[in-house]
Amino acid sequence: MRLLIQGGRVVDPARNIDSQLDILIENGTIAHQGRGLSAEGAQVLDAAGLVVSPGLVDMHVHLREPGFEAKETVATGCAAAAKGGVTTLVAMPNTRPATDCPDIVALVREKAAPTGVDVLPAGAVTVGQKGQALTDLAALKAAGVPALTDDGMPIQDLALLREAMFQAKELGLPLLDHCEDRDLVRSYAVNEGAVSAQLGLPGRPAIAEELQIMRDVMLAEDTGAHVHICHISTAKGVDIVRRAKARGVRVTCETCPQYFTLTEEEVLCQGAMARVNPPLRTQADVEGIRAGLLDGTIDAIVTDHAPHTAEEKSRPLPDAPSGMVGLETSLALALTGLYHTGLLSLSRVLALMSSSPAALLGLSKGMLCVGRGADLVLFDPEEEWVIDKEQFVSKGRNTPFHGRTVRGKVKYTISRGTIIYQEG
């Protein structure tokens, strides 16, 4: 199959390219780039007015299957990814059974294969994510996992965690850590502060996240392991990572659109729909996250896509599960909040969502090179649209962004040279 993309603004952050170019795709790979290309018999996409960039790489997604198919399936999650311009994603292991052995890794990849989205399951660090015994990390590496994590069940046994870091370093795998001290946050629903006081609820204090970031930074420094801090949400947490990087510690971090867009005040008007772990924080924390994106402390923008059923999210705030969906809205929210406000360049936003996460995971993704797999997203950076959860292809409708006007609309998503999403 041959596909010719003509007249688009090609933005390839990894190669510092921002230019009007044509791209010819043959047999799933990029064959040629240049101006005025033609190809007899090729399908032609007119990309005039569109940005053509590497397909997005989302390194923090919950697909729920196996075990929680009422919330999401691999197929519906991948459809949501394609609609949002995501061609590669890392699936978290908190399924039932957990992704703690090669068989579950193979199952998830088998279910993802027909979708066209490249799904890379992360391997659980401990058996069943119970924090008691390490999985066979070498077997998980051989099965193809790009990273190790116990996700929302952060390991509290420091000796076990330290040993996991030593093994992860030997295997060349990053360890992705959800940083919240479980004794401090328990099952609390909101940030500890003005909103929790107003609601009369116990809160999840920022220090619970910051203490574990400091703990993991120190362990990374001690072991030499690559530790990646998941969904960082506090200004002090960003500063801990900033100072650690300056010392040469192998630490990276990610954040999500909700943490540079929303504050804890959202809970007052949206209730459980705005409940997420770690929680939405203060305006000062939002500014701290933006500063970390601006100065390069934060390495990636991810979704932490976490679908739940409508019944679950209709429960009272203290009883509802935490999480929000994001695959179909992340690019638009990032463009709206970071690019259209003048905080970051278009190339920098796209780097945070493609080439940078690909590089820190060691993936051959996130750039538009001749000879590489043709994973691309074509989008109109200026088009305004209103987020409507009823139009989602994800099973999850749990978004606090419903009704919000954003700028930036995906038109085509191409994976390995095949169009896997086309608007309309």
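Me: Which residues of α14 are buried?
Reply: In this predicted model, the buried residues of α14 are L346, V349, L350, A351, L352 and M353.

Me: So what does that say about the helix as a whole?
Reply: Helix α14 covers residues 346-353, and six of its eight residues are buried, so the helix is largely enclosed by the rest of the structure.

Me: Which residues of α13 meet α14?
Reply: On the α13 side they are S330, L331, A334, L335, L338 and Y339. On the α14 side the partners are L346, V349, L350 and M353.

Me: What classes do the residues of that contact fall into?
Reply: Nine are nonpolar, one is polar and none is charged.

Me: At what angle do the axes of α13 and α14 cross?
Reply: Roughly 140°, and the axes come within 10 Å. Helix α13 is residues 330-339.

Me: Why call α13 and α14 oblique?
Reply: Roughly parallel needs an angle under 35 degrees, roughly antiparallel one over 145, and roughly perpendicular 65 to 115. The crossing is at roughly 140°, so α13 and α14 count as oblique to each other.

Me: Left-handed or right-handed?
Reply: The crossing of α13 past α14 is right-handed.

Me: New pair. How do α7 and α8 pack?
Reply: Helix α7 (residues 206-223) and helix α8 (residues 235-246) pack at about 15°, with axes 9 Å apart. They are therefore roughly parallel to each other. The crossing of α7 and α8 is right-handed.

Me: Which residues make the contact there?
Reply: From α7, E210, I213, M214 and V217. From α8, K236, G237, I240, V241 and A244.

Me: And how do those divide by class?
Reply: The α7 and α8 contact has six nonpolar, one polar and two charged residues.

Me: Moving on to cores. How many residues has the largest nonpolar core?
Reply: It has 106 residues, and L89, V119 and L293 have the most contacts inside it.

Me: What is V119 in contact with?
Reply: Leaving out neighbours within four places in sequence, V119 contacts L63, C78, L89, A91, V108, R109 and A112.

Me: Now L262. Where is that one?
Reply: L262 sits in the loop between α9 (257-261) and α10 (266-270).

Me: Buried or exposed?
Reply: L262 counts as buried because its relative accessibility is 2%, and the cut-off for buried is under 20%.

Me: What does L262 touch?
Reply: Not counting residues up to four places away in sequence, L262 touches L280, V286, P400, F401 and R404.

Me: How many Å apart are L262 and Q283?
Reply: They are 8.1 Å apart, C-alpha to C-alpha, and 21 residues apart in sequence. For L262 and A98 the values are 31 Å in space and 164 residues in sequence.

Me: Where is Q283, and what does Q283 touch?
Reply: Q283 lies in helix α11 (residues 283-295). Setting aside residues up to four places away in sequence, Q283 touches T263 and R290. Q283 is partly exposed, at a relative accessible area of 42%.

Me: Last one, T73. Where does T73 lie?
Reply: T73 is in the loop between β6 (56-61) and α1 (74-83). T73 is buried, with a relative accessible area of 16%. Beyond its neighbours within four places in sequence, T73 contacts L63, E65 and K395.

Methods:
Residues are numbered from 1 along each chain as its sequence is written. This is a predicted model: local features need pLDDT of at least 70, side-chain atom pairs count only at pLDDT 80 or more; totals for chains, interfaces and linings use all residues. Side-chain values use heavy atoms; hydrogens and water are left out. Helices (H or I, at least four residues) and strands (E, at least two) are DSSP runs, numbered from the N terminus. Buried means under 20% relative accessible area, exposed over 50%, partly exposed in between (1.4 Å probe, protein chains only). Contact means heavy atoms within 4.5 Å. Axes are lines fitted to C-alpha atoms, for helices over the stretch in contact, and angles run from 0 to 180 degrees between N-to-C directions. A crossing is left-handed if the near helix is turned anticlockwise from the far one by less than a right angle, and right-handed if clockwise. Ala, Val, Leu, Ile, Met, Phe, Trp, Tyr, Cys and Pro count as nonpolar, Asp, Glu, Lys and Arg as charged, and the others, Gly among them, as polar. A nonpolar core is a set of buried Ala, Val, Leu, Ile, Met, Phe, Trp, Tyr and Cys residues joined through side-chain atoms within 4.5 Å.
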